[in-house]
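Subject: Handing over the structure

Dear colleague,

Please find below the structure that I promised to pass on to you.

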Amino acid sequence: MKIKCMYYEKQYNSKPDSNETKKIQKLLHKTEIDIKELAFGLSHGATFKPALLNGTKSVDWIQQQLFALDFDHDTTIQKELDRCKEYNILPCFGYTSFSYTEQEHHFRLIFCTDKVITDIETRNKLQNTLIYLFDKSDNVTKDCTRIFFGGRSLICDSYNKRINAQQIIDNYYKESPTLGSSIVTSKPCKKN
């Protein structure tokens with residue numbers, strides 16, 4: 001299956017420095033790419049933004065089907081994959097980042113929705129809900145223009161797995177009348 005996102009195919013052996021990152025920002029381009037090809041590229045140092053953008057700012061957001069979570073501390077790959085099974089929110093693939101070690105797991109999980117999301121509010125609700133449910137993930141991934149560098153190795157490859165955005169939002173996202181804004185306020189019940 002092909003999806004649309006922003007992609008830069010150059011494969012790095014380490015995380016690009018700030019000067020290189022500025023160049024990459026300009027070289028990321030709209031693409032339609034097979035999920036397997038994207039997974040291979042990212043697990044070999046390529047770079048992407050999960051959203052399709054018509055520029056570099058959040059107002060340039062067009063659509064999104066991929067959602068990425070970044071894990072850097074206080075968890076392991078296995079713990080997060082177990083959590084995915086618990087919630088039945090399964091990634092289509094994941095990969096270790098350049099800073100991954102056996103002692104400190106640094107990795108990303110990539111989720112693919114069953115439908116392309118073209119409403120920014122739905123996109124934001126889903127991303128925030130995923131961050132809430134996977135509370136060891138980095139909060140900065142809520143930004144729709146977030147860049148994700150590649151890494152070193154593939155950690156799961158269930159390319160046909162899809163998540164239902166509306167179902168996840170309906171189950172886990174609630175309005176907060178006291179705060180005047182939408183926040184995630186509930187966690188799922190464990191299934192027996």
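On a 1 Å grid over the protein atoms alone, a cavity is a set of points where a 1.4 Å probe fits but cannot get out, a pocket is an open set with protein on both sides within 12 Å along at least five of seven lines, and lining residues have an atom within 4 Å of a point. Grid points are joined across faces, edges and corners, and a volume is the space filled by probe spheres set on the points.

This is a predicted model, in which local features need pLDDT of at least 70 and side-chain atom pairs count only at pLDDT 80 or more, while totals for chains, interfaces and linings use all residues. Residues are numbered from 1 along each chain as its sequence is written, and side-chain values use heavy atoms, with hydrogens and water left out.

The largest cavity has a volume of about 40 Å³, and its lining includes P50, Q64, R123, R146 and F148. At least two lining residues come from each of β5 (61–71) and α4 (120–133), where helices (H or I, at least four residues) and strands (E, at least two) are DSSP runs, numbered from the N terminus.

The largest pocket has a volume of about 280 Å³, and of the 17 residues that line this pocket, K15, R108, R146, I147 and F149 are the closest to its centre. Its lining consists of four nonpolar, six polar and seven charged residues; here Ala, Val, Leu, Ile, Met, Phe, Trp, Tyr, Cys and Pro count as nonpolar, Asp, Glu, Lys and Arg as charged, and the others, Gly among them, as polar.

Turning to the sheet, four strands form an open, antiparallel arrangement in the order β2-β1-β3-β8, and two strands are said to pair if DSSP finds at least two bridges between them. Because β2 (29–34) and β8 (148–149) stand at the edges with a single partner strand each, one side of each is left without a neighbour in the sheet. Strand β3 (residues 47–49) is joined to β8 by two bridges, and F48 stands opposite F148 in β8. Helix α2 (residues 35–42) packs on this sheet and touches β1, β2, β3 and β8, with its direction at about 115° to that of β2. Contact means heavy atoms within 4.5 Å, and axes are lines fitted to C-alpha atoms, for helices over the stretch in contact, with angles running from 0 to 180 degrees between N-to-C directions.

Best wishes
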